[in-house]
Amino acid sequence: MNAAGRLPAPLASWAGSLSALSPELAAALGPLLRRLDTLVGAREPVADGPGEPDGVGGIGRAGRPDHLLPAEWLLAEEHPEEFLRRYVDRELLYLAPEFTTPAVRGRTVAMVDAGPSQAGAGRLVQLAALLVLHRRAAARGGELLVGVLGDEPVHWFGGEPAELLPAWLAARRTAEPTPEDVEFAAATLEAADRAWLLTSPRLADRLAERRAERLADRLPGDGFGRPSVLVSEPTRWGPAGAGHVTVRLDGTEFELPLPAADIAVRALRGAEFRRGGPTAVTPPPRETGALGRGLPAFTTEAPFLLTRGRDARTLVAVDVRDVEQRHRTAVQSKAHRPGGQVIAAGRFGRRLIALHLVRGRVHRYVSGRPLAGPEDLIVDPAELGLDEGLVERLAARPVLPLLRAGGDLLVPAAGRWRRIAPDGTVTDDGPVGRGTERERGFDRFREPRLFERTPQPDAVRARHLLHAGGTAAWSEDGKRWTLWSRLGDERRLTFREQAEVIGLVHAGREPMLITWSPGGRMVRAIRADGVRTLSRFSGGTTAPAVHPTLPLIAAETHFGRIVVGDATTGRVHHLFGRDE
């Protein structure tokens, strides 16, 4: 796909939600989408508030006086002038409280006005609003239902945008809806639903009059006894029709440009809707030759993060141990350049061992104390199952894990575990686990041979099986999970979001699933008593890396910048550039 068929970089996080539209229409709706998302966000949050207090999550530079560190109070007594200077310059350190995010309940429901007054510009605003509401509902782990005013009984339809939008577009009515139609539709909703009304100023004004008569106060909605009302009206008419639209929501009003007339007409005829894969995203500007992704990975149980550098021949290693002592610390990473494309790597004590491809041969690279035996190790790539196509694909993925078994090296390649003896002899060591080889890299959470306990019979038969730190998690549908903890406790977790489980960590005794939604690019920690959105690790173009035994998570949220922190609280402890 050429550049004209890609989304602009500001819409990168919308790629999944906009996959039902042509790239041209998606880009044309950009101003409407971004402004509506800001406006709707205040009334349709991803999470329902901070939840209950959950101890201390780290150290910050703002807070209440009773949260000041004891050392700061000692400074105030011994050196009051320095204390005041630090206070003015916001250099004082506070304990940062942490909160549990409760599981969000309730559906997002949109009642749409499909009457004549909403034809044209109003329908374009509805299109953008439905995409915004669907994206936010998915991020909350919920769903969006759409109903057309005037239908008796009301038919609520939902699903992904590729199915929802054509059904909405086909719903056109010749008569204008009435306040009674709104009441009839609202009467079918549940108390926990978050209701929205997408309509014209005419119906909104009539509803306001009825509210003044206290006849509409019984409507469910956003917590104030009525739905949130989004009103749109075309403005700035020209030879080609309306060029702008005025949007009003609960007293807030602003004007936005509409898409050009030709693409707007095609959109309203359904010609710009499509089914298929996600819309491609134009990456931000970067240096020529850069991969564009750091591809972070924890390949062993050591507290070391490995990422690719500016190219596949550079390996960047970062020590992320003792994170509780380094709150948001910019660390100096160490770049290793073994001389060829890095295939696999692992950290063992003070050694870093890697396999790299040079002139058609796989060589061993060792940083640190030399290994016993031959100084070099050379292997034919074919013995590892590496052909030209696989080597090219591996260059765009995180490095494979490299494990040690006595004096041998173990590497998963081409669907098999390969055992490499010190003299370079390669033997087949069995197949890799089901679902371990993924486009985003090797998933060691799904490799049964690395599980230190014998899993339950139900877990072995399940379609999805993960493990970490002695805890196993399994599921048949990927949404309802059973967790068998290392202490013998059993937990059951459920989530509705279209998300992939990418890791399993522990907050003390409590196991937690880490999920990533490719569409919304949201990362969450899910436990039995609630859900926490790890916003500081969300928004990246690829899934974060989760440590196999420690509660650590790493993500490249912006080009060339990687954050590392606590997967249970979302606190960031390390910041570094992958090409440093």
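Guide: Phe83 is buried, with a relative accessible area of 13%; buried means under 20% relative accessible area, exposed over 50%, and partly exposed in between, with a 1.4 Å probe and protein chains only. The model is predicted: local features need pLDDT of at least 70 and side-chain atom pairs pLDDT 80 or more, while totals for chains, interfaces and linings use all residues. Residues are numbered from 1 along each chain as its sequence is written, and side-chain values use heavy atoms, without hydrogens and water.

Visitor: How many aromatic pairs does the rule give?

Guide: Rings of Phe, Tyr and Trp (its six-membered ring) pair if their centres lie within 6.5 Å; planes under 30 degrees apart are stacked, over 60 edge-to-face, and the rest tilted. The count here is two aromatic pairs. Trp73 and Phe83 are stacked, because their ring centres are 6.4 Å apart and their planes stand at 25°. Trp73 is partly exposed, at 41% relative accessible area.

Visitor: Which pair is edge-to-face?

Guide: Trp417 and Phe442 form that pair, with 5.9 Å from centre to centre and 80° between the planes. Trp417 and Phe442 are both buried.

Visitor: Which charged residue lies over the face of Trp168?

Guide: A charge sits over a ring if NZ of Lys or CZ of Arg is within 6 Å of the ring centre and within 35 degrees of the ring normal. Arg123 lies over the face of Trp168, 4.6 Å from the ring centre. Arg347 is placed over the face of Phe304, at 3.9 Å from the ring centre.
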